[in-house]
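Open the structure in your viewer and keep the selection panel at hand.

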Amino acid sequence: MASISIQHLYKRYGKDKQNVVDDFHLDIRDKEFLVFVGPSGCGKSTTLRMIAGLEDITEGEVYIGEQLVNDLPPKDRDIAMVFQNYALYPNMSVYENIAFGLRLRKQPRHEIDLAVRRAARVLEIEPYLNRKPKELSGGQRQRVALGRAIVRDPKVFLMDEPLSNLDAKLRVQMRMELIKLHKSLGATFIYVTHDQIEAMTMADRIVVMKDGIIQQIDTPEAVYQTPSNTFVASFIGSPQINFVEGKIVEEPGGNLLFNTSRFGLRIPKDSADLLRKHNKIGRRITLGIRPEHIGPEGLYSDSVLTGIYKVSELMGADRFLHLDIGQDKPLVVRVEAYYRCEENEKLRIVMDMSKALFFDADTGQRLTH
Amino acid sequence: MNALRSLLKLRRRPRLSAMDGFQKLLTLLLIVLSVFMLLPIVYIFNHAFKPYHELFLYPPTFFVQEPSLQNVNELLAVTARSTVPMIRYLFNSVFVSALAVLLVTGVSALCAFPLSKHRFPGAGFVFAAILLTLMFAPEVVQIPRYLVVSEIGIMNTYFAHLLPLMAMPIGVFLLKQFVDQIPDSLLEAARIDGASEFVVFLRIVVPVCMPAIATVAILAFQNSWGNIETSALFMLDDEMKSFAFFLSTLTNNLANNVAMQGAAAVASLIMFVPNLIVFVILQSKVIATMAHSGIK
């Protein structure tokens, strides 16, 4: 059993300083792959280090299994950690690096040898066991760091941006291997990253953080489709979600319209009920819509608007058009890669309004049923 | 095959022809400078084997013309006459120097590690105090040192040789700068692996800092091997005094300045050789320290 319970965790450096981590409250299930994601300085690493015992807890409690670990040194928490810069012992060979933790635990020599070789086989680093870390490439070093973690068979794996020093191709490969590793080990993984793609691809659940405060805890699908606020909506997803500022007006027929100075978009009944419930008629609102829910005219039935084409980004299979629709930021639209248009050409596009998200214009919170 | 050849070519050291004018000039300057630095060493070696008439030749010669062992014999004769055998002085020096190297490196490293990697109240003050002591000339602290040594009752013992040498501020400073560069995550990884603070120190910090420790060891050795102060101040009996002190007495207190010059020349060679040996053994590590700590 390696569930982790984090109860109202706070971190402050100094008495009157700002909270680096603010009321972090979370239950992590056994064998879960949990990812903390957020911009740098959002407190995700600090939280991880508090779980590891590398950082003092200002307030709150951390339980690993049933045990309160607040005052337990890292070595007694039955955890393993992988660091961003690998943190391999430069004075020891790869073999010694992996065996170090077992040796300190006074395991018999033959068991250590067996465990090291097994870990090396899993991670395909057997040929390098006698080398020093400085003779290895980044990817190999990262494997050694993982080997050092898995060899101890801990209850919980903590990973602090382990892939951010690798090149893009290797990162994709290691991502898949980490997923496999998690499945085969059956341990709890807590993974910290600032890369939302890593979070989306690997996590069972994602914890999105900002300024030390949890913004949302949910599955990758839910975080993407129903973000709790504009921050989460903009942080998750690439390219970013589009935000359009406007006002809700009621048509004579009783339909609701999302109105900007340039265009009006009809709101489907479901969303209209939501807006009525929150009493938003006649008020300002932020509409969020992802690039894949906008397209050239003909795709969706109504809600046509016109935008002026500025630039496009080709991603291989898709092309993202940046259109000026009279807002501060351009509207990003996903189209097929073969789609071509002239600069400053006026394009008629449609939005799938059933996929549109509505956020409170002042607080940034998404309106929910 | 061609690929292999080009690889080998790439790995070859830059040749003289591959250097530009500035690099050539720099190389030449460094060669001249190193020859200049080498001169005293060559002189010491030659001087030791000059017979008397060459020792006082005017103008003095640099290289020995007729090498002889006359000076060695003279030194042996002097030591044969002295009440305490020379081997006793030598033992004192070797024993004290070996212990001093161990203690100084140990104390400096144990002091540098917490100063660099642990936060505790007064850490800044302690480090500032250590830096401050760097600025005192040794003569300034002679009297307080004497008072301390005599008050704690270790006069005329090996402890009195060792105690004043043990605290070497430059050693602490050098090691702290080096430990500063060890990434914290390395120590944290070890702690998570199950290492206690002492194990972290012994298995991670010390091996990683080996170059700096080698440098401190050399400094400590030189400090202790050439030390005559503790012998002069704290040692009452002759048999407790160091070899360096004994050699310094050869030419001191003599009415004329010709007698014993030969023995003194050999003595300086004997004093110098261990330094050279220690340095040659540890030099590659020392260069790494200089490169790391930004001192050079």
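Start where the chains meet: 14 residues of chain B are in contact with 17 residues of chain A (contact: C-beta atoms, placed from the backbone, within 7 Å). This is a predicted model; local features need pLDDT of at least 70, side-chain atom pairs count only at pLDDT 80 or more, and totals for chains, interfaces and linings use all residues. Residues are numbered from 1 along each chain as its sequence is written, with chains lettered from A and ligands numbered from 1 in the order in which they are written.

Select helix 10 (184-193) of chain B, then helix 11 (197-208) of chain B; each supplies at least two residues of the side that touches chain A. Helices here are DSSP runs of H or I, at least four residues, and strands are runs of E, at least two, numbered from the N terminus. Helix 10 of chain B gives the most to that side, with seven residues.

Next, select A:M81. Which residues does A:M81 touch, beyond those up to four places away in sequence? They are A:A52, A:A149, A:L158, A:D160, B:A189 and B:I192.

Finish on strand 17 (residues 318-324) of chain A: six bridges join it to strand 18 of chain A.

Definitions and conventions. Contact = placed C-beta atoms within 7 Å. Pairing = 2+ DSSP bridges.
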